Structures are given as structure tokens and as C-alpha cells.
Amino acid sequence: MNFNEKFDVIVIGAGHAGCEAANASAVMGCRTAMVTLNLDLVAQMSCNPAVGGIAKGHLVREIDALGGLMGKVTDKAGIQFRLLNRSRGPAVQSPRAQTDRAIYRKEMRQLLERVPKLFLRQGEVTSLLVEQGRIIGVELMDGRRLAAKAVVIATGTFLNGTIHIGTRTFSAGRSGEIASILLGQSIRSLGFRMGRLKTGTPPRLDGRTIDFSLFEEQPGDEPPVPFSFRTKKITQKQLSCYIAYTDERVHEVIRRNIDRSPLYSGQIQSIGPRYCPSIEDKVVKFSDKPRHQLFLEPEGYDTNEVYLNGFSTSLPLDVQEQAVRAIPGLEHVEMIRPGYAIEYDMVDPTELKSSLETKRVRGLFHAGQINGTTGYEEAACQGLIAGINAALFCLDREPLVLPRVSSYIGVLIDDLVSRGVDEPYRMFTSRSEMRLLLRIDNADERLTPIGRKLGLVSDEAYSAFLAKQDRIKELKRLMQRHKAVLGHSSTDAFCEVLGIKLTESTYLSQLAKRPEVAPEHLRMLLPREVADNCDPDELSVAVNDLKYAGYVDASRVQAERVLRAQSKKIPADLDYADLPGLSREMVEKLSRIRPETLGQAARIPGVTPAAIAIINLQIELMRR
Amino acid sequence: MYAEIEDTIAAVSTPPGRGAIGVLRLSGRLSHKIATTLAPNCKLQKVRYAQTCDIIDPETNEKIDRCVLILYRAPASFTGQDCAEFNCHGSPFVLARILRLCYAQGARPALPGEFTLRAFLNHKIDLVQAEAIRDLINAQSEYQAKLAARQLQGELSRYLQPIKATILEAVIHLESRVEFVDEALDTHSIEQLEQQLAKVATQLRRLVDSYRFGRLVREGIKLAIVGRPNVGKSSLFNALLQRDRAIVTDIPGTTRDTLTEVTSINGLPVHLVDTAGIRQTEDVVEKLGIERSYAAIADADLTLIVLDSSKPLCDEDFRILESCRCSKHFVVFNKCDLGVNENLLKDYKGFKVSAKTGEGIDELRQAIFNYFSAAEERPDLLLVDARHHNLIETALSELNLAKSRLKEGFSEEIALFHLHNTLSALAELTGETTVEDLLGLIFSTFCIGK
């Protein structure tokens, strides 16, 4: 076959997954092409202009710790930063930022353009070129053929996308952009099991026509907490969001027109995310609620556009307008873009190995919404792992598989490839068995050494990381040896601030465990020279480590057990139908999903402990 | 699950019910440590060596049984791991107690076929044997499936479902507070949740407490009647049985051998053992009988020491009282129709009965029953299975931790850590709750969608 150009890795799509994939693969030394329909829309935020939130902010920190881009770009493009769950424990605190869409695109594109081995190409990929079960390249609409050893598909909602607004439907990848229909056909023809999902987005409003005085202002944190471990300080001006509510009049408009919503007319059959329901779903399913909360979010510094978060809808235009204008303060609002629902194709993620490589075609990787997930952060972390593994594939090295127990990324990928999805998959902290271990402030400790080994962490960043870890360790040692001494003036001051009494001299590491004790309280008890000099973030990591030491140890014991079970590999040629004692349903599931390890098999719904014992025995029998 | 081969597992490996001896096995890393903790007076670290030792409850320092302990060092053991084997007396009551002590020290109940599975995985048995085990596990899994189906509609599950529902509700509210901070959700207050949890903790506590009695109801207790000759042991035996089973004469030494019969006291199955009278004798046959009397004392859950209330205590009586000092016993003054020494009665906190007239027998029966049942407020349901008991006890202690953490002002995720442990302990009895189930409940309870 003749090729116009040759690459090691081709990434199809330049969204949040595509950007991370292309960057990782190129930084790891592979000649990488990122092919996209429109190079002006690299890293476009197709839905809300925000990054992070509980569990999602955790993912961004993990991406950053591994050497990914999302955290750095968000710190540059953020226009409002908040640390969520401040009143709760460190394990469930997470950063969230509103972002300027345009700055986000620009910053990401600039970062990518600085990567020597990364080549941007505009064009529509129409088919995958496969030879003897192995990917060899892609073909574009204009006839160009690009060769590659590995390909990452990160096409978001573009695969066979259909937009719904009221009874009108049309083909599109995003509002105003064309869908990838031929590529969808090419994937289907390779035999992949495909499904269809739905998601939605709310209308965008003209800020000049909103009476902000009627809404509750929600300012950003001062000082803002950055996403990236490498960001020292965020200096840009912050903008506020505003909290609004629907009322009975709004609900009445929606109820009256509910038969014109494609969700209720039967026009849309596929499943949307339950945690991001449309406004029509909220009104119908929670009819006893007198009001629903909405957020007015600015889209950036240089635009009047305002995103009406919480009002995702596919109602017809006239109904959207009428309903929005029923909200007090939005009576005269002008709608710049309507809300819409979009249906798109996905590939069953149980078609993937834990490396995100497909089991069907060697060298082909899937990342992001194509795997049934929703959210920029979920997409980006898959892009990063797919990019890393595409590069490792080219370099003929073992793939990177992050264990469930040490990262949310590991949890996400393991959930996808061993359980599949019934609805768009979003990350929650409750999905992790190790929630108390997976904090945002120790993501670097957990993952930076791995990023370093892959070549994604620079010398400078790595030595800063090592020095920080040393200082944290030293702080912890100090707190384990140092006591708050009864009668000492610092101890008195400490007790007075907290309104507590100590009955005996107590180690700082013990005091750290008390729920009311915050890192800064312990600073009062540290030796003078340390107290004056230690960095608040590092002190906080040290205290958080000590605070939950008991829980973390208990979790680690559990984690090690999980790891051991996980580690046992299941031979690829194991014939489940041959095994006695497995129900037909289990045989069907196991044969289809083909779990790679015993741990993965155990997490497949419906597979019992006894079945795992049988498989374990069979593995031993096959070994002899 | 079976794949967790590093866990230390414990099980009684002799058939269920009452046998002459009961063998309790441990396999795994902690086996020797657990064995040495429970049997502190044996000369340890010597493997493949049978040593007699006492099993002591490390919490209460109470002696539970005298047994033979054998330690095995990996890989030279049945499973190929470190193992310990207690050969105890056959009382299911005692065995269950030792098993519980093993759990408290870090072992977990073994699953069906698990010892053999480990033996296979460690190359201790061959393929043919392994195939046989696989069939066994298969059979077990079918049995478990049936059992699970039955349990799901069964009493225990019915009792636990509302408890689980309450815990789940608390979990949903706590999870939602953590995951959806921006949503202004109408969740219960921490105080409200604490109260809900306290209520189910009480219910679980009752269930856990019912096990001691539930176990007895299933296995029965062993009651030995001992005393010197001619104090009326056999008469008491018959009186408690409510029929003439043992031969009663005035001739000392009529009962030459132990005699066991089953009766019930208020529904509690009782293995009643009549024994030969204990005295110094040269008669070979009688001597053998007396040895058996002592064995019966050792094996009994409760011993009734019978004294003649119409006569002063003699040396034989004192010797018997002395030899029973360490075992659970009641002192029964029989023949109260012929006279009573109130001082002695008081000194020994004895029971005053007459097997002949029936006086005091009902009170004695009631006292025996109370001794074993002792529960104040019992649920309609009794826990009888050791494994169920173990699971529910774990669930309860995790639930209590969750409650205390909330009270102490820890934030939700800490309480949730314990509540998820509670749910997973209950999972086997109530069905598993997956993350997807939880999310489903959250999204149907609260309108979430920023």
C-alpha cells in the first residue's frame, strides 16, 4: 500500500482525549500525528466551560502527576477557581474551575505546537487500514493515506452524531460541526460491538440581557487553588458565577410542551447520563420539587456568552426561550445558542484490554467518549493512557496498566474494560475502594515516579518532586517525635484556639488524628525554625498522611489483597465453556469480556466467588 | 473469596454435631501466631509434635478446653502453608467458642473446599484429586446458589432487609453530601442519621447475642451428673428426664458406666449424662467407670455435682468439688425431703431438690435453662450458623465505628468507610450492593444535575 506520510502513532481527534494522547506519545519519542476535522477547535469544550469537581478534579491531578496537560492548561485558562468540600476531609476535597473556552483552546494548541515530534494535520479520517489483524494506518476523505504502527481513536461525540432540537434532527459532531459517518462505518465493519448513547447541553445566553442583581453571587476562592503541581500561583482576575432557580411557572411551560421533547416523544431511544438529566427530566421525575437550582456561568473574559448550567434540554427553540424567560431575572434574555441533545456511537469498552488497546485489532486504541464515558477529565485521562500505551506498543515495551488501588484512572479503566457501560460513565469518589488513599494532594507521590519512568516528567519537575517528598517525610518524622508539652505556652495557645483541653503531653501525630485539628493548627506546635519556614501545602500533605494513617493502613491491607488477586493472569486461550459448574450466563460473559486477570474476572457482575475458584484451579491445571 | 490464598482460614474439620473429639484447623500466615496466643502454656515452635495444652481466652483469661496441639511449618503441611491443628473435646459449644477466638485473632471462616484448594495450589495433591475437589466446589456452588435463593426469601434475610435498607439510606445521604456539594440537596442531618444508625445497631446487637443461644438450640448442651456413690444421681437423672431410664437401687455403685439420654429443657436440647459414683475403689470395672465420670466432667458444658443434703459432707464430696473447681458446675443438694443443712446450701449457693418427691426439680430445670439462655431481649430469630454470626458481628462493629466517627465530628467519608464495610459484611446474607446500585438509589432519591 502506498502512503503519503509515515508516523509511529496517529491520534484521530483533537479533543481532551486526543490532545493528551498525542502529547504523551510524541514526548515519549514517537513520531505522532494528530488528525482533526478543524484545527481551530483543538481542545474545544463542547459542553460546560468548566474543569474539575469532586472526583473529576482528582483525575486532573492524576493526569498532571503523570505528566499530562489538562491541569497546566486549566490553571492558565481558569476564570474562577474553587476548592470543593473544604469543610470535609482531605480525601474528598477537589478543585473546580470555570474556564475561558478561547484561552483554553489557545493554551492547549500552543503547548502541543512546542512538542518536536508532534505533527498537526487537518482532515477527516474515513477509514482504518487493517492488515492481518493489525492496524497499519488511516485513510482521509481527501484520499491521503497515513501510515502508523498504532492508532488512537478519540472522536468524542462525532461518531455518527445526531443532534435533536425539538422534532428537528440533523447529523452533526457538535453544534455547527460535521459528524464522522464514514469512520463510524469503518469501525463497525471491523466487527466491533457498538452502542448508542445520548448527552445534552443547555442554551447559552447573552449576558447583556441578564439582570444579575436578582441572583446570588458565587465568587471564586481567594487565593485560588491550582490544578497543576507545577503551578506556583494563579494571578489572573477571577469572575463570579451566579445561582438561579426555576419556579412553578418554568415547570408549567415545560410540562405543557413535554410531548414536543424528543426525550418524551420517543424520538430519542438511547440512554443519557442520570447525573446530568435534562430540565424536562427533572421537572417530570421530581415533580414534587418546587424549584431546581441553576448556575449562570460566564464563558470567558472577552465574551458576553453565559452558560445556563443545569438547564440541559432538547425542547424546541420556542419552548426553550419561553421557559428560560419565565425565570425571574431572565425575562428579557436573548438566547445565543439553543440547548440540544446529541446521540452518538460508542464501542463497547469490554472490547478493550486494560491498556485501552482493542482485543480485535492490534495497535488500535480507543479513548474518551467512544468508550462510553462522559466528561472532559474522564476523556483526558484515557487519552493519556492510550497515548502512552500506543507509544509503548511502537517501542515494543510492556503496556502501562495502573492498578485500581492507587489511582482513579486505574479505577475508571478497570470499570470500563471489565464491566462495560449501560449509561455514560462518570467518575465518582465512591467508585474507588480506596477513597481515603486517593487524595488530590498525594497524586504526585502516587504517580509522578511512573510518569518519570515513561519520560513524561522533566528533569526539573522530577527533582522538585523528590525534594518536596523529602521535606514531607521530614515533617512527618518530626510530628511523630515531637510532643505538645503540657504547660508549654505553645500548647496553651493551641488548646485555646481549638477550645480543647489536653490531659497529657501528646505527640503531634496523635493530635493530627483529631477531626477538629487542621494543618495550620499544628504549625503552632512545631519547632520555631520549622514553623516559620515550612510550606503550607507540604505541611498539609504531611498532616493529611498522619490524619488518616490508620485508615490508609487498613485500606492498604485491603489493597494488597486486591492486588494479589488481580495479578494472577488468565491465559487468553482459556475455554470457559469447558469449565464445569459455570452457569451459561457466566460462560457467555466471560467468553465475551475475556478478563485478563482473576481480579478483573471477579469484578464482572454475576461472576461468583465459586466461579473464580474454578477458574483459578483451571489456570493451575493448565500450567502443569 | 477463594482467590485470597494469603488469608488465614479456620474451620472445624470434624463432622458437625457432637463427637468424641473435635478437630479445628488453621491454615495461613497467622496460624502459628493464633495458636500460640490461644494456647500460651504449650512449649511452642516445635513443629510436627503433639503437645497437650490449655486453650485460654486471651480477653478473659478463662480456660476453655484442654487439647492436643500440633503445628506444621510450610511447606510440610496438608495445605502447604503454615498450619495448626487443635484436637479438642467434641462439644460443639466449646469448638464454636475456640473458632470465634481464632476469628478475633485475625483468621476468617474457611469456605467450602478451601483447605483442599490451597493444598492443590501448593502442589500438595495431584491432578486426579484436584478434579475431584473441583467437583466438590461445583457442588458447593450449586448448593450455595440454592441456599442463597432460599436465604433471600428466608427468615434471616427478611430480618436483615429493613436493617440494610436503613444503612443504605444513610449511605446514600452521606455519599450525596460528599459527591454533590454544589447541588443544595435536601439530605438528612448528621444527628438524624446517627439516630437511624443507632436503631439498627440495637437490632443487630440482639441478633448477634442470639447466636450463643441459637447455637445451643441447634447442637444441644451436655450436662453431666456427678457425685459420690448413692447420693441419688440416677434418681436426679430420671427426674430430669421425666421417665425411669436409669436403674435406681440403694446399693452404692449400681451405675458402673456413663449413660447418656437426650431430653429438652424449655426447648433446649440437653444431652444428660449419668455417671458412675466417684470413690476410692479397687474394683477394676468400677475404676474404669469412674475414669469415664471424670472424662464426662471434662466434656460437659455444665456439671451437676450431687451431694446428699441429709448428711454432712465427706472427703469424697470435697474431692469431687475440688476436681470440678475449674469447670462450670451447679451444686445440687439432693434428698432435701430427708433434711437440709441451710448453711451448706448457702455456702455452695446450691440447689435444694428431691428427686424422689420432685421438689425443686422445676427450679433446677429453669436455672439450667437460664444459665444458657441468659439473653434479656431476644429477636424472634436465632442465629445458628457460625459464619452468619461472624459476618453480622463484623457488620455490627463496623456500624458502631461509623456511628462514633460521626459523633466525634469526623466528616462523612470516614463514616462511609465503615458503613461500606458494614454492607459488605452483610452482603452474603442480604445480597451485594454494587456501586451502580448505590448510584441508582442516589439519583432516584435526589434530583442531581448540574
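## Around Val151 of chain A

Let's start with one residue. Setting aside neighbours within four places in sequence, Val151(A) is in contact with Ile10(A), Ile12(A), Leu128(A), Ile135(A), Val138(A), Gly363(A), Leu364(A) and Phe365(A). Keep in mind that this is a predicted model.

## The nonpolar cores

Val151(A) also shows up in the largest nonpolar core, which has 159 residues. Val151(A) is among the residues with the most contacts inside that core, along with Val9(A), Ile10(A), Ile12(A), Ala21(A), Val152(A) and Ala390(A). Which helix gives the most to this core? That would be α10(A), with 13 residues.

As background, nonpolar side chains in soluble globular proteins tend to be buried together.

## Two crossing helices in chain A

Back to α10, which covers residues 376–394 of chain A. Its axis comes within 10 Å of the axis of α11 (residues 408–419) of chain A, and the two cross at roughly 90 degrees. Angles from 65 to 115 degrees count as roughly perpendicular, so α10(A) and α11(A) are roughly perpendicular to each other.

Who meets whom here? On the α10(A) side you'll find Glu378(A), Cys381(A), Gln382(A) and Ile385(A), and they meet Ile409(A), Leu412(A) and Ile413(A) in α11(A). By class, this contact has 5 nonpolar residues, 1 polar and 1 charged.

## Domains of chain B

Chain B is split into domain 1 (9–126), domain 2 (138–214 + 385–431) and domain 3 (220–373). Domain 2 is thus written as two segments, because its assigned bounds are 138–214 and 385–431.

How far apart are the C-alpha centres of domain 1 and domain 3 of chain B? They lie 33 Å apart. The two domains still touch: 6 residues of domain 1 of chain B are in contact with 7 residues of domain 3 of chain B. On the domain 1 side of that contact, the classes are 1 nonpolar, 3 polar and 2 charged residues.

## Where the chains meet

Now for the interface: 39 residues of chain B are in contact with 46 residues of chain A. On the chain B side, at least two residues each come from α3 (114–121), α4 (127–153), α5 (155–179), α13 (412–430) and α14 (435–445). The one that gives the most is α4(B), with 8 residues.

As for classes, the side of chain B that touches chain A divides into 21 nonpolar, 8 polar and 10 charged residues.

Conventions
Residues are numbered from 1 along each chain as its sequence is written. Chains are lettered from A and ligands numbered from 1 in the order in which they are written. This is a predicted model: local features need pLDDT of at least 70, side-chain atom pairs count only at pLDDT 80 or more; totals for chains, interfaces and linings use all residues. Axes are lines fitted to C-alpha atoms, for helices over the stretch in contact, and angles run from 0 to 180 degrees between N-to-C directions. Helices (H or I, at least four residues) and strands (E, at least two) are DSSP runs, numbered from the N terminus. Angles under 35 degrees count as roughly parallel, over 145 as roughly antiparallel, 65 to 115 as roughly perpendicular and the rest as oblique. Ala, Val, Leu, Ile, Met, Phe, Trp, Tyr, Cys and Pro count as nonpolar, Asp, Glu, Lys and Arg as charged, and the others, Gly among them, as polar. A nonpolar core is a set of buried Ala, Val, Leu, Ile, Met, Phe, Trp, Tyr and Cys residues joined through C-beta atoms within 7 Å. A residue is buried if 20 or more other C-beta atoms lie within 10 Å of its own, exposed if 12 or fewer, and partly exposed in between; C-beta atoms are placed from the backbone.
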